[in-house]
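Welcome! Take a moment to look over the sequence and the 3D structure, and then we will walk through them together, starting from a single residue.

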Amino acid sequence: MARLSIKILTTGGTIDKVYFDAKSTYEVGEPQIREVLERSDVAFDYTVETLCHKDSLDLTDADRRMIHDAITRDTEHRLFIVTHGTDTMTVTARALLGIKDKVIVLTGASQPARFSTSNAIFNIGGAVAAVQTKPPGVYIMMNGRVFDGDKVRKNQETRKFEDV
């Protein structure tokens, strides 16, 4: 039996932000998902590929095309997790909707993964479960729920994702 293998694409977002005290600002740093999975002692293979280090508000249509192309040209993997900033996660999900025969789960965090109060670890765990159990399609795993990629929005007042 083949061992489970998940391809993880990172794009930046709050999940990967680090605080620069000298500047009193946050900047997108190195992807945190590898460290989260190593600490979690997971029993599956994974590959992490960094596509960019951007806040999702800075992602362009060309960046979304790059994500789309990275998934479609990968013939080795059927299961994908994309770490992404939450502000435009739904835009990217909709840009990936035409991809066939792959399970794609986007996830992120409301606080940097390095913070003990972050929901990053919870969301990554949810994304790992969703990518293994959902049929081919595009999904968003946030706030303890798995949403269909074309039936979700981020409520800016509550800062939570919800059905549309």
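Let's begin with Thr10: leaving aside its neighbours within four places in sequence, this residue is in contact with Asp16, Pro31, Ile33, Val48, Glu49, Thr50, Leu51, Cys52 and Thr83. Please keep in mind that this is a predicted model.

**A closer look at Thr10**
- Thr10 is part of strand 1.
- Is Thr10 buried or exposed? Its relative accessibility is 1%, so Thr10 counts as buried.
- One of its contacts is polar: the side chains of Thr10 and Thr50 meet at 3.1 Å.

- Six strands make up an open sheet, and their order is 4-1-5-6-7-8, with mixed pairing.
- The edges belong to strand 4 (45-54) and strand 8 (145-148); each has a single partner strand, so one side of each is left without a neighbour in the sheet.
- From one strand to the next, the twist averages 25 degrees.
- Strand 6 (residues 103-107) and strand 7 (residues 137-142) run parallel and are joined by five bridges. Among the residues involved, Ile104 has Val138 in strand 7 as its bridge partner.

**Helices on the sheet**
- Helix 4 (residues 120-133) packs on the sheet and touches strands 1, 5, 6, 7 and 8. The direction of helix 4 makes about 170 degrees with that of strand 6.
- Helix 2 (residues 61-72) lies across strand 1 (5-12), strand 4, strand 5 (79-83) and strand 6. Helix 2 runs at about 165 degrees to strand 4.

**Nonpolar cores**
- How many residues does the largest nonpolar core have? It has 22, and Ile6, Ile81 and Val105 are those with the most contacts inside it.
- Strand 1, helix 1 (33-39), strand 5, strand 6, helix 4 and strand 7 each give two or more residues to this core. Helix 4 gives the most, with six residues.
- Beyond its neighbours within four places in sequence, Val105 is in contact with Phe80, Ile81, Val82, Ala127, Ala130, Val131, Tyr139 and Met141.
- There is also a second, separate core of 19 residues, including Leu9, Leu96, Leu106 and Val152.

**An aromatic pair**
- Searching the whole structure turns up one aromatic pair. Its members are Phe44 and Tyr46, arranged edge-to-face, with 6.0 Å centre to centre and 65 degrees between the planes.
- Phe44 is buried, with a relative accessible area of 9%, whereas Tyr46, at 23% relative accessibility, counts as partly exposed.

Methods:
Residues numbered from 1 in each chain as written. Predicted model: local features only at pLDDT ≥ 70, side-chain atom pairs only at ≥ 80, totals over all residues. Heavy atoms only, no water. Pairing = 2+ DSSP bridges. Helix = DSSP H or I, 4+ residues; strand = E, 2+ residues; numbered from the N terminus. Axes fitted to C-alpha atoms, helices over the stretch in contact; angles between N-to-C directions. Contact = heavy atoms within 4.5 Å. Phe/Tyr/Trp six-rings, centres within 6.5 Å; stacked < 30°, edge-to-face > 60°. Buried < 20%, exposed > 50% of the residue type's maximum accessible area, 1.4 Å probe, protein only. Polar contact = N/O pair within 3.5 Å; in protein donor to acceptor, adjacent residues only side chain to side chain. Core = buried A, V, L, I, M, F, W, Y, C linked by side-chain atoms within 4.5 Å.
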